[in-house]
Amino acid sequence: MGVLDIVPAGVLTGDNVRKLFDYAKEKKVQSFSDYLLLPFPPESLLKQRLSDQAINVTSSSTANAVLEAARDIKAPIILQVSQGGSAYYAGKGLANDKQQASILGAVAAAHHIRTVAKAYGVPVVLHSDHCAHKLLQWFDGMLAADEAYFKEHQEPLFSSHMLDLSEESKEENIATCVKYFKRMAALGIWLEMEIGITGGEEDGVDNTGVDNASLYTQPEDIYDVYTALRAISPNFSIAAAFGNVHGVYKPGNVRLQPELLGKHQAYTSQQIGGAEKPLYLVFHGGSGSTKEEIRTAVDHGVVKMNVDTDTQFAYLAGIRDFVLKKKEYLITQVGNPDGADKPNKKYYDPRVWVREGEKTLSERVKEACSDLGNVDRL
């Protein structure tokens with residue numbers, strides 16, 4: 001049975017998001033995110049792993065390139081926007097003192113992705129990434145857009161949103177998530193929340209100096225989140241910290257302990273006396289992780305992994321290589337090695353060199369999905 005036997009192509013909402021993540025947990029496949037440096041597991045094992053990859057997009061160009069990759073390898077995919085990426089989507093020339101550009105850009109991205117997603121023939125989870133307490137105006141604006149879209153279409157604009165209140169106390173974190181989740185659940189929106197801090201720096205949020213203990217979430221904290229949110233709806237996931245750091249680092253510089261995720265599953269399972277893996281878990285800061293670390297995380301119920309740092313570089317690579325290779329054709333509008341009167345428009349047309357970035361980004365997404373077993377899943 002493939003994914004399209006369970007959910008439709010296009011943007012998913014409501015219980016269809018949970019059905020996709022249940023499929024990911026059952027098959028142990030990751031459909032959106034990072035890749036590893038160690039040897040591949042045996043093919044028979046790889047085919048049993050699946051987790052959804054979440055790729056950050058900042059423009060229609062990057063969104064289309066990711067959708068193209070998902071179509072080519074027959075895989076579901078998660079497209080997500082960050083607060084800064086949303087502002088860029090709307091235009092860096094717009095004011096954002098009240099998060100107005102970030103709200104507008106996120107909504108514009110959502111409408112674009114909704115318009116084209118079905119044409120690519122793949123299921124898509126449309127997600128907004130980390131939202132810290134200081135960015136709640138952005139979250140409020142997106143949720144208002146969801147409610148307006150729901151009134152007209154009986155489903156929300158986005159599939160899911162993330163609240164990252166990990167810098168707040170556990171009590172405030174959970175209470176704020178509960179408040180928002182009640183509104184979200186009524187619309188059929190999935191909630192991703194974070195408890196425990198992801199280190200490093202990402203999109204203006206700098207956690208490079210946090211206490212090391214904050215990078216590892218405790219099972220009791222996970223259970224407190226589970227009981228509070230499960231009373232509202234089953235449609236939520238938890239980004240539990242196990243040493244995660246945003247960005248790419250040399251092997252050994254970051255100490256991930258994905259085995260802790262298994263302890264979280266076991267503790268919650270024991271408390272509720274139910275399923276072996278009751279939690280939907282999320283892996284942040286996975287760029288540069290080893291294949292073994294990712295495999296362990298997926299085995300313990302990770303259904304979503306974020307990929308941003310590596311895909312940013314991949315997008316650059318195609319454009320960089322084109323400019324370096326064709327530099328003699330890009331200095332002037334007329335005149336190149338083929339002749340002083342030869343025009344260069346076919347080289348400097350943005351559709352030409354931007355497309356080169358789309359190609360390399362698309363290939364990097366395919367590589368990530370392949371590493372995680374998210375190929376031929378439709």
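A residue is called buried when its relative accessible area is under 20%, exposed when that area is over 50%, and partly exposed in between (1.4 Å probe, protein chains only). By this criterion arginine 71, with a relative accessibility of 38%, is partly exposed. The structure is a predicted model, in which local features need pLDDT of at least 70 and side-chain atom pairs count only at pLDDT 80 or more, while totals for chains, interfaces and linings use all residues. Residues are numbered from 1 along each chain as its sequence is written, and side-chain values use heavy atoms, with hydrogens and water left out.

Side chains of opposite charge can pair when their charged atoms come close. A salt bridge is taken here as a side-chain nitrogen of Lys or Arg within 4 Å of a carboxyl oxygen of Asp or Glu, and the whole structure holds 18 of them. In one, arginine 71 pairs with aspartate 72, with 2.9 Å between the closest N and O atoms; aspartate 72 is partly exposed at 34%.

Another salt bridge joins glutamate 68 to arginine 355, at 3.0 Å from N to O. This pair links distant parts of the chain, since glutamate 68 lies in helix 3 (residues 60-73) and arginine 355 in helix 13 (residues 350-371), 287 residues apart. Helices (H or I, at least four residues) and strands (E, at least two) are DSSP runs, numbered from the N terminus. Glutamate 68 is buried, at 17% relative accessibility, whereas arginine 355 is partly exposed at 28%.

Lysine 359 is partly exposed at 41%, as is glutamate 356 at 24%. Elsewhere, salt bridges with shared partners connect Arg71, Asp72, Glu363 and Lys366 in one network.

Attention now turns to helix 6. This helix (residues 136-153) has 18 residues and spans 25 Å from first to last C-alpha, close to the expected 26 Å, the expectation being 1.5 Å times one less than the number of residues. Its buried residues include Trp138, Phe139, Met142 and Tyr149. Among the elements that cover the buried residues of helix 6 are strand 3 (77-81), helix 5 (100-120) and helix 7 (170-187). Glutamine 154, which follows helix 6, has a positive phi near 60°.

Conventions:
Contact means heavy atoms within 4.5 Å.
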